[in-house]
Amino acid sequence: MKQEIETIQTDALEAIGAASDEKSLDDARVAFLGKKGRLTAASAGMKDLSKEEKPVMGQLLNAARQAITSAIEAKQASLADEADKKSVQGIDLTLPSRPLPAGAIHPLTQVKDHAIQVLRRMGFALAEGPEIETEFHCFDALNTPEDQPARNEKDTFYFDSGKLLRTHTSSVQIRTMEKATPPVRIIAPGSAYRRDEIDATHLSVFNQLEGLYVDTDVKLGDLKGTLEFFLRSMFGDDTEVRFRPHFFPFTEPSFEIDIKLHAKGQEPKWIEIAGCGMVDPAVFESLCEVRGDDVFSPDKVTGYAFGMGIDRLAMIKWGIRDIRLLIENDVRFLKRFA
Ligand code: DAH
């Protein structure tokens, strides 16, 4: 039997060596290791062996099966290798590949990310609110009376349900304070909607960044310092910043913030960049009513808020004259920011 096993192994290795493709290799496998293969048949002879011979032969059989199996595997690998080589014959693998145009971050996203990065470093957390808002969150809770022009149907997109597309991200101030307890220090970037005539400086969908800080002792000086630092981080250390008294229903006092722009070939000029102010006590009072507690009582807390257009930040940063360029996705324009 030992002789027989050796012959089978020799024959098998020869057949495997001679196999020139997958099919003949598989035929060889079946012929030797298959259910009716020669090695399988030889192992059937084990049952006639003596007790002493059995383990010896068993070992020989196993060794032969292993030798044949690994020869098959090695042959399989070398056949696959040959097939690979054949498949690229005549192809010049050293040719440079076609260039894949790399994408880039949209300028609006770049500005937004930069602003978030600066403000987060100062301790502001990101907050969100719905774009389909209630009149309450967009206006009433922000101390904006019924007859305010901003609430007009001509200026605001209303749904039949009475809800509306938020006209500013200031609604997130209310959404946040309804749930949180002071101190609150958040920023809320997001879309806002107005029924504006579309032109070089107006879109009906645009992007804002809201900020709110409420604590036991927040002062106007904190607001000024924070926004000056923020604007200098965005536009350069030597940026001049000016606070101009203004009116917003939800802050008192309120300001518009200007920065001085030095455009090439032009006289430097002040341009408006954001609105801000100290949260109006009326806003806190309405919150206390809604919440049914007094953690936001104007006797206990003060706060500041600010809001600005992200599109506008981008336009000023790069001297973009027409806001529509930011949404047209013309690659020739976007390439400037890649
Ligand atoms: N919501 C105002 C707007 O859309 C901007 C604004 C002004 C936001 C003053 C504020 C603020 O938080 O305090 O024009």
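Me: In which hand does α5 pass α8?

Reply: The model is predicted. Helix α8 covers residues 220–235, and α5 covers 107–121. The crossing of α5 past α8 is right-handed.

Me: How do the axes of α5 and α8 stand to each other: roughly parallel, roughly antiparallel, roughly perpendicular or oblique?

Reply: The two helices pack with their axes 10 Å apart, at an angle of about 140°. Roughly antiparallel needs over 145 degrees, and roughly perpendicular runs from 65 to 115. The angle therefore makes α5, relative to α8, oblique.

Me: Which residues make the nonpolar surface patch of about 280 Å²?

Reply: One of them sits in the loop between α4 (53–87) and α5. This residue is V88, partly exposed at 31% relative accessibility. Patch residues need over 30%. The patch is made by V88, I91 and L93.

Me: Is D217 buried, partly exposed or exposed?

Reply: D217 forms a salt bridge with K219, with the closest N and O atoms 3.2 Å apart. K219 is partly exposed, at a relative accessible area of 45%. The cut-off for exposed is over 50%. D217 has 52% relative accessibility, so it counts as exposed.

Me: What is the N to O distance in the salt bridge of D293 and R291?

Reply: D293 is partly exposed because its relative accessible area is 29%, and buried means under 20%. Its side chain meets that of R291 in a salt bridge. The N to O distance is 3.0 Å.

Me: Which residues do salt bridges that share partners join into one network?

Reply: The structure holds 15 salt bridges. In one of them, D322 pairs with R324, the closest N and O atoms being 2.8 Å apart. R324 counts as partly exposed, at 30% relative accessibility. The network joins R242, R244, E256 and D258.

Key
Residues numbered from 1 in each chain as written. Predicted model: local features only at pLDDT ≥ 70, side-chain atom pairs only at ≥ 80, totals over all residues. Heavy atoms only, no water. Patch = residues over 30% accessible without salt bridge, like charges linked within 9 Å, V, L, I, M, F, W, Y side chains within 5 Å. Areas by Shrake-Rupley, 256 points an atom, 1.4 Å probe, with all protein chains shown as cover. Salt bridge = Lys/Arg side-chain N within 4 Å of Asp/Glu carboxyl O. Helix = DSSP H or I, 4+ residues; strand = E, 2+ residues; numbered from the N terminus. Buried < 20%, exposed > 50% of the residue type's maximum accessible area, 1.4 Å probe, protein only. Axes fitted to C-alpha atoms, helices over the stretch in contact; angles between N-to-C directions. Parallel < 35°, antiparallel > 145°, perpendicular 65-115°, else oblique. Left-handed = near helix turned anticlockwise from the far one by under 90°.
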